[in-house]
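User: I'm new to this one and would like a short tour. Can we go through it piece by piece?

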Amino acid sequence: MSRPEHTVLVRPGSFEPVRHFYPRVLNAQIHPLVRYFMDLGNARIIERYHHLHPEADRDAVERAFSTRTKRFHWGGADLFHTTNEEGHRRMVVIETNSCPSGNKSMPLLLEREERAGYHELLSRSFLPLLARRGLPNGELAVLYDKNPMETSAYAATLADLTQTPVHFVPCFENDDDPKHRFDEQGTLHIRTADGDWVPIRAALRYVTQRPWTRIPPISRSLIFNPVLVCLAGGRNKLLAAKAYDLFNAQIAGDGLAIHVPETIWDVSRGEIPIWVRRMGGVAVVKNPYSNAGQGVWTITSPEELEAFMELEHHYDRFIVQALIGNVRWSSRGHEGRLYHVGTVPGREGKIYAADLRMMVGNGPSGFFPVAIYARRARSPLAVDIGGGQSSWSMLGTNLSVRQADGSWSTESERLMLMDSRDFNRLGVGFDDLVEAYLQTVLSVTAIDSMAKNLTTQKGRFRRKLFASLNPDPTLVDEIMHLPVPPDVPSGPSSSPQLV
C-alpha cells in the first residue's frame, strides 16, 4: 500500500463488498458450526461453559460476558490451541490487540447484510457511545495507518449508519505533513484535501504502529479505542502481562483464569540469555510494543539466540515467554510443557502450527463476537529441531509483512477461513470456540481494568504510575511529548475516554 497524500471524504452508499473482503471470503460459505456459535447468544454459551466447567462460579461467568467496559470497546485475542503431555487441551492467549483486524476475513453470516461484522461492531458498540454527553461539536472520522481494506469499510459503513459523510484520514508514523492534530482542549481536528481544518467529535482509530507517538492517551473527542487502551496492554505486551496477572488474582476464587504462557517481564537485553536458559534453551523474546508479527523472536538454538543478541533495539525492556512448539522442543514452565495441537494432517501427513483470532465488541449489553479467523505458519512443525531450520517459519503465524518502504503486504495464502473447507482442517470444535470467546472476554476486561488504574478520578493519565509499571524510559519519553487535555470530571456526562 502506497501512502495516500490526502484525507478522503467517504459518503453514504459507497460500501462495495469487493473492496472490503478478501476475494476468497466473497465466495466462501460459513461453516454451519461457526454460524451456530455466532448466533447462539451469551445466555446459552454461559450454560454450556458452566456445564463443562462446574468449578467455575456461574454468576462470575455471567458477569464476565455482561461486563460493560469503560474504554476497551473493540478487541481481538490471538490464541493457540494447545495440549500437554497428558493430553489436556487449552486455549492459550498469546496477545490481545486493541483495534484489531478481522472482518475482511470473515464469511458472511447473513447474505442480506453485506456489511457483515463492520455493521455489527459499529451499530452495537460505536453508535451507543455517540449518544453520550460531553463530546465536542464536530464531524466523524476514521484514522488509519495500515489495512485500507478494512478501514475504508468502517468509514463507508459509518457513513451509511449515520447518513453523514465520514473523513478517511491517513495517520502514519514520521509523517512530515500530518493530516490531524489535537488542540489544547484535547479535541481532534483533521485537515481535508482542500486544506481546511475540521473538528471531529468522534473517530474510529485503526492506528496500530506506536499510536502513542501521534495520538494522546486521553482526548476530549471520542477515540474508538483510546490510545490509553494500547498503553494499558492492547498494544503493550509488557503491561498486558501485568494486567492478566492482576486480573487472575481477582478472579481466582471464581474458578476462572486467563491462560497465558509463563511470562517474565521487565527483562533487560543483557538478562535475556539467563531467562532463555531457565526455560530450557527455548523461549520467545518480544519487543513489548510491536505488533503485526514484528518484534517477536523464537529462540530454539544457540545460533538463534546469538543472532537476536547482535540486533540493535529501539526500546530498553523485553518480555520472555515460554515457547509453545512441538512436544519435544517446547519450553518447560511451572505448569509443564505445552505444545501445538496444530492443523489436521493433510495428505502429505504434515501438521502446521496455527493461531485463532477471536474478535469481539462491547456495548450496552456486554460482549458479543464479531469475527473469527485463523492463520497457519509457513512451514510444518518438525518432530525435532536441528539442521539449521528456522523456528520462526514453523511458529510465526501473522500474515502481515512490512516492506522496505514502510508499506505492508499480506500473505493471505496462509489465512484459514471459518468456511466449510478450512474450518475442518483447523481441528477446532464448538467448545474450543466457547473457550476462545471466554478467554478473549477475560483478557479484554483485564486490560480495560488496567486502563482504569492508569487514570485519575478527574480523567487524567497517571504518567508516574505508568512509568513505574512500565520502566522503559524510551517509551515514557515518547508519550510525554504529546498534548495533555485539561482536567475533565469523570461520570456519565463526560467524554467516553474519561468515564
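Analyst: One term to begin with: two strands pair if DSSP finds at least two bridges between them. Also, this is a predicted model.

User: Fine. Which residue in S8 is the bridge partner of Tyr144?

Analyst: Tyr206 is the bridge partner of Tyr144. Strands S4 and S8 (residues 197-206) pair in the parallel sense, over six bridges.

User: What about S4 and S5, how many bridges there?

Analyst: Five bridges, again in the parallel sense, link S4 to strand S5 (residues 166-170). In that pairing, Ala141 has His167 as its bridge partner.

User: Is S4 enclosed or open, and why?

Analyst: S4 is largely enclosed by the rest of the structure, because five of its six residues are buried.

User: And where does Asp145 lie?

Analyst: Asp145 is in the loop between strand S4 (139-144) and helix H7 (148-162).

User: Buried or exposed?

Analyst: Asp145 counts as buried, because its relative accessibility is 4% and the cut-off for buried is under 20%. A polar atom of the Asp145 side chain lies 2.9 Å from the backbone nitrogen of Gln209.

User: Switching to helices. Which residues of H4 are buried?

Analyst: In helix H4 (residues 42-52), the buried ones are Asn42, Ile45, Ile46 and Tyr49. They sit on the same side of H4, because they cover an arc of only 100° around the axis.

User: What's on the face turned away from that buried side?

Analyst: The exposed residues Ala43 and His51 are carried there.

User: How many residues of H8 are buried?

Analyst: Eight of the eight, so helix H8 (residues 227-234) is largely enclosed by the rest of the structure. Among them are Val227, Cys230 and Gly234.

User: Last one, Ser391. Which helix is it in?

Analyst: Ser391 lies in helix H12 (residues 391-395). At 0% relative accessibility, Ser391 counts as buried.

User: What does Ser391 touch?

Analyst: Leaving aside residues up to four places away in sequence, Ser391 touches Thr298, Thr300 and Glu304. With Thr298 there is a polar contact between the two side chains, at 2.7 Å.

Note on methods. Residues are numbered from 1 along each chain as its sequence is written. This is a predicted model: local features need pLDDT of at least 70, side-chain atom pairs count only at pLDDT 80 or more; totals for chains, interfaces and linings use all residues. Side-chain values use heavy atoms; hydrogens and water are left out. Helices (H or I, at least four residues) and strands (E, at least two) are DSSP runs, numbered from the N terminus. Buried means under 20% relative accessible area, exposed over 50%, partly exposed in between (1.4 Å probe, protein chains only). A polar contact is a pair of N or O atoms within 3.5 Å; within protein, one must be able to donate a hydrogen and the other to accept it, and residues adjacent in sequence count only if both atoms are side-chain atoms. Contact means heavy atoms within 4.5 Å. The arc is that of the directions from the helix axis to the C-beta atoms.
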